[in-house]
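Here is a short briefing on one protein chain. Keep the sequence and the 3D view open while reading.

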Amino acid sequence: MAPPEHPNPAAPSENSQPPAPAAAKGKGKKKEEDDLSEEDLALKEQLELYVVRAQDTDPGVQKLALQSMRQEIRSATSSMTSVPKPLKFLRPHYGTLKSYFETMPESELKKYMADILSVLALTMSVEGERESLKYRLLGSEGDIGSWGHEYVRNLAGEIAQEFQKRQDDDLPIDALMELVQQIVSFHMKHNAEPEAVDLLMEVEDLDLLVEHVDTTNYRRACLYLSSSSRYLPAPDDMLALDIAYTIYMKFGDLASALRIALQLDKPMQYVKQVFTTTDDFLLKKQFSYIIARHGLAFEIDDEIAADDNDKEILQEIVNNTKLSEGYLTLARDIEVMEPKSPEDIYKVHLIDGRGASSSLDSARQNLAATFVNAFVNAGFGQDKLMTAPSDSSSSGSSGNWLFKNKEHGKASAAASLGMILLWDTDSGLAQLDKYLHSNDTHVVAGALLGIGIVTCGVKNDCDPALAILMEYIGKDDSNIRIGAILGLGIAYAGSQKEELKMHLSAVLGDSQSPLEVLVFSAIALGLVFVGSCNEEIAQSIIFALMERSEAELAEPIIRLLPVALGLLYLGKQESVEATAEVSKTFDEKIGKYCDVTLMSLAYAGTGNVLKVQKLLGICSQHLEKGETHQGPAVLGIALIAMAEELGAEMAVRSLERLLQYGEQNIRRAVPLALGILCISNPKVNVMDTLSRLSHDADADVSMAAIISLGLIGAGTNNARIAGMLRNLSSYYYKEAAHLFCVRIAQGLVHLGKGLLTLSPYHSDRFLLSPMALGGLVTVLHACLDMKSTILGKYHYILYIIVLAMQPRMLLTVDEDLKPLPVPVRVGQAVDVVGQAGRPKTITGFQTHSTPVLLAAGERAELATEKYIPLTPVLEGFVILKKNPEYHEE
């Protein structure tokens, strides 16, 4: 290019004598020009002159004009509050420049012109034309960031549309991808990680992100990825998590990588990779705590820890053997070790009048007291009914309370000992052992179930539960068999033990097995192999279902078979489809029920909107009597929507509608659905709805509402719910069934004296523990028909809820795993995804010294610089190491 001859572009050149503006002035433009200030007018005339010059025949003049125009636009695009002046004044000339551009010969100048047109298209182009992108691709290979942020965002939007179109028409996309590279690196440099991630999702190339993140922004990019994964359809959700995992690994943020790994489809290999990446033994201990809390059955092998001692230490943590000790440390710190009796919970003296002296049959009263006692003293190892020593003999008075229960009530009473000694396997097995030699089959059955409960979530290398319970599976008495089978299901939930598959499948395949034994074997298998998609077990459950006679299919307990089948596919989405097809061939009595149950469990915790719509569709049909499959559909809505806060709120509103317009069997399930949506999280609006339903004319609705009041308040000691339940106990003082439900709910509200939670979510509501959800689902499905399960002789199904019981604590420990009190701030968690800067993650906090309790939706952060936590999420057991850079003032 020849150097321009006119150093001052404003000096009129010889060829274009009369400046254009003069001609245009008379045509009614007078008024508009009056509004402009002096300098705007000058700018406008200047720009119009450039437009004319840009169409000059002399390339030198053209280049100068274009350069000056570019200069004007660039200097103005820096602020984006209004349309920049140069773009505003150039609008009328967009068409002229466009048509002139078409006639220009290929040259550097033409590319220069394309750049300017691309920026003008920002305000001018017609929707859907994507002209900005078109000219950008024709333009020079310059840095796009210099045209300003808004331009880049607009381009990103157009690229997404163009990409879609080119994919549909099978056109090449290389040119687009080069632009994407530029835009992503621009966004990542300017703290706009969410925009970069969105663009890459649109063009299906998230891998690009890994090379563009750096130490300053990887956390925010990953936070956005992992949060948005909840709203993405499968398989994109897993892809987003996979990329987040890769990025965390790249920057050595291993604890965060582990949380992501547990969320992925096949966690084992990822978890192992996290372990083997580091040599820091302390970190490995912290990882083990996270795995133990999630309940993953994980073997520590030589690759992870070469030294046998180290291996043992890690395996002990993974096996959860420390849980009981930590929980009791918390209890001592909060000073709630004193055992409580059911009377302390009922607080009869606060109720005036009739409810005080209830004239109900004592066996049912005592059964209720058994459960309340078990729930309230869960894990404390001492209570006033089962373990209190009596004066007369050294053997303890537990025998006395045991025999205040009738037949199957004794089973629950014996099992309640397991709940009281929860997680403390050694003393639990010792104390339950004496009941195994009883002559009363119910007591033996209860003791077997108790052994399962004691070892729930706590694994042991020598498998005492397996050794003891296996002997009783083949006994003649079906009560004993159920106790042993259910005990195994609870003790080994999620462990996928092969031995159990053999033995329990044999029971399923045996045509001589009574129906109830069969159902509980299926449930136990479902819990042990929860979310494993195990085909063989699915086959055996399906055959068991197909071979049932008409009469057996009419039994209410049969409903738990589809639940057992669904547990195998819990949260595994598409994997369920083959089995669901088979279930359509079942007897119509159970076929639909099975289909709905399978779908709702397979998508539980995924937030899949399409499935929620489908289930709502099922609920909107008005059916003749005797159809039962709408109950599971209602529960399914809650199970799917509980994945994220927004969905949960919308589900609460949809459930309100179902209450108004739904059939009776739908109304009976709604309270339970509300219970699981807000489990251990007493939201006021849900509490009020349930309180209203607890006085419903339909007995089933009111009982479900009462149980659900217990579920939403589980382990919170919520005073308002406790008050409601006390009033209900006097309101229903003549109704045995209702009163029983009220008592159960009271026990749940004071679960573990307020130290436990039933929420299956942990780690900042990010991880969903499959065993916890499996336990809850089983109990809720049993509650769909209370009269025949929980109020009948299967009340011990309630103990399955132990799978979801976890201390809601933050316990900080030092490097030797001894409790270490430090100040922490506990407050409401704030969602900071995609926010600029370093926003505060909690609000309205109070400072406490650990160990502390965390309520639903609360988050903790360290209030001292002295220690560094080894995990970003402070929950459960957190190991602290000393901060080397900390100096005492």
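The points below run from the whole chain to single contacts.

This is a predicted model, in which local features need pLDDT of at least 70, side-chain atom pairs count only at pLDDT 80 or more, and totals for chains, interfaces and linings use all residues. Residues are numbered from 1 along each chain as its sequence is written, and side-chain values use heavy atoms, leaving out hydrogens and water.

**Whole chain**
- The chain has 43 helices and 11 strands. Helices (H or I, at least four residues) and strands (E, at least two) are DSSP runs, numbered from the N terminus.
- Its C-alpha atoms fill a box of roughly 120 × 70 × 55 Å, taken along the principal axes.
- Of its 889 residues, 57% count as buried. Buried means under 20% relative accessible area, exposed means over 50%, and partly exposed lies in between (1.4 Å probe, protein chains only).
- Among contacts with a separation of 6 or more, 71% join residues 24 or more positions apart. Contact means heavy atoms within 4.5 Å.

**Helices α34 and α36**
- Helix α34 (residues 588–602) packs on helix α36 (residues 630–641) at about 5°, with axes 8 Å apart. Axes are lines fitted to C-alpha atoms, for helices over the stretch in contact, and angles run from 0 to 180 degrees between N-to-C directions.
- That angle makes α34 roughly parallel to α36 (under 35 degrees; over 145 is roughly antiparallel, 65 to 115 roughly perpendicular, the rest oblique).
- From α34, the contact uses Y593, V596, T597, S600 and L601; from α36, it uses P632, A633, G636, L639 and I640.
- These contact residues divide into seven nonpolar, three polar and no charged. Ala, Val, Leu, Ile, Met, Phe, Trp, Tyr, Cys and Pro count as nonpolar, Asp, Glu, Lys and Arg as charged, and the others, Gly among them, as polar.

**The four-stranded sheet**
- An open sheet of four strands runs β8-β5-β11-β10, with mixed pairing. Two strands pair if DSSP finds at least two bridges between them.
- The edge strands, β8 (852–853) and β10 (867–869), each pair on one side only.
- Strand β5 (residues 809–813) pairs with β8 in the antiparallel sense, over two bridges. L810 stands opposite V852 in β8.
- Helix α19 (residues 323–334) lies across β5, β8 and β11 (876–882), at about 105° to β5.

**F281**
- F281 is found in helix α17 (residues 281–294).
- F281 is partly exposed, with a relative accessible area of 23%.
- Not counting residues up to four places away in sequence, F281 touches D310, I313 and L314.
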